[in-house]
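Please read the briefing below alongside the sequence and the coordinates. It is arranged by topic, with the cut-offs given where each term comes up.

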Amino acid sequence: VSTQSTGCLKSCIQGMAKVILILINTISLLASLALIAFGVFVILRGEEYIPDAGVDVNAIAYALIVLGVVLLFVSCFGFFGACTGKHGLLNFYLILLGVVVALLVAALIYGFVMKSDVEDTVENYITDAFDTVKNATSANATVDQFVAVNTIQVAVKCCGITGPDYWDWDGQVPSSCCANFTTTDATALCDSADAYTTACMSETEDLIQNALLAVVVLLVVIIIFLVACMIFACCSKKEYEQVA
């Protein structure tokens, strides 16, 4: 009786693993399509919604598309392997998951190594953009130069690298420093008394650090999720072995 109960429990667990694997891969298929769609959206319309902070947004978008395609490819093998019980599909699914996990771990390590380089790149870009506008008079600074600064100041709600006093334009600052900023005149100015008091450099650095932390957390969650998928796939294989 004890042996029968144990066998029944194992069958139950393996059957649940199969159902969970199907559900997980169904969700993964939808998630992969969402990643691809979001990546395409960023390429086509990203400049309208994402501030220019010296980071190649298109490169990130292409990475999301590639990730979405890979996830779609892997999920298809997992879904059909779990549904049909074909060992060839499940084995290939396990191999793909192992490769993806290894790549994600490598990406995680690379991210930790390159973290300071990303922060330095953003810091240098912001410094160059702001200094270019500051060192030119409000009359001869180009519209493109103002747009780069305005994009950052509006997105972060900040003013100047170190605060409103950074501009030192006789009590005037770019209009993007103020809440009533409009995009009709990129080179317009407003009074420093009405400007945001937050420094752009510190705020942008905080945003970058939070974004990097979010990426690290996401990668760790994905790795745990994929390892769980590998365990469910192994259990699902055993169920079909017993049925056979």
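Predicted model: local features only at pLDDT ≥ 70, side-chain atom pairs only at ≥ 80, totals over all residues.

Residues are numbered from 1 along each chain as its sequence is written, and side-chain values use heavy atoms, with hydrogens and water left out.

**Overall make-up**

- The protein has 5 helices and 2 strands, where helices (H or I, at least four residues) and strands (E, at least two) are DSSP runs numbered from the N terminus.
- Read from the N terminus on, the order of these elements is α-α-α-α-β-β-α.
- Of the 244 residues, 33% count as buried, buried being under 20% relative accessible area, exposed over 50% and partly exposed in between, with a 1.4 Å probe and protein chains only.
- The accessible surface comes to about 14,000 Å², of which carbon and sulfur atoms hold 67%; the areas come from the Shrake-Rupley method with a 1.4 Å probe, and for residues only the protein chains shown count as cover.
- Among contacts with a separation of 6 or more, 68% join residues 24 or more positions apart, a contact being heavy atoms within 4.5 Å.

**Nonpolar cores**

- The largest nonpolar core has 23 residues, of which Phe-130, Trp-167 and Val-173 touch the most other members; such a core is a set of buried Ala, Val, Leu, Ile, Met, Phe, Trp, Tyr and Cys residues joined through side-chain atoms within 4.5 Å.
- Helix H3 (87-135), helix H4 (143-156) and helix H5 (200-243) are the elements that give two or more residues to this core.
- Apart from this core lies another, of 20 residues, including Ile-24, Phe-77, Leu-108 and Leu-219.
- Leaving aside neighbours within four places in sequence, Phe-130 is in contact with residues that include Val-149, Ile-152, Trp-167 and Cys-200.

**The enclosed cavity**

- A search of the whole structure finds 1 cavity of 30 Å³ or more; on a 1 Å grid over the protein atoms alone, a cavity is a set of points where a 1.4 Å probe fits but cannot get out, and lining residues have an atom within 4 Å of a point.
- The largest cavity has a volume of about 40 Å³, a volume being the space filled by probe spheres set on the grid points, which are joined across faces, edges and corners.
- Helix H1 (2-49), helix H2 (57-84), H3 and H5 each supply at least two residues of its lining, and among the lining residues are Asn-25, Ser-28, Tyr-93 and Phe-225.
- By class, the lining has 8 nonpolar, 3 polar and no charged residues, with Ala, Val, Leu, Ile, Met, Phe, Trp, Tyr, Cys and Pro counted as nonpolar, Asp, Glu, Lys and Arg as charged, and the others, Gly among them, as polar.

- Asn-25 lies in helix H1 and is buried, with a relative accessible area of 2%; not counting residues up to four places away in sequence, Asn-25 touches Val-74, Ser-75, Gly-78, Phe-79 and Tyr-93.
- Ser-28, also placed in helix H1, counts as buried at 6% relative accessibility, and beyond four places in sequence Ser-28 touches Leu-71, Ser-75 and Phe-225.
- Ala-31 counts as partly exposed because its relative accessibility is 32%.
- Leu-64 lies in helix H2, and Leu-64 and Gly-39 are 5.5 Å apart in space, C-alpha to C-alpha, although 25 residues apart in sequence.

Note on methods. 1 Å grid on protein atoms, 1.4 Å probe; cavity = no way out; pocket = protein on both sides within 12 Å on 5 of 7 lines; lining within 4 Å.
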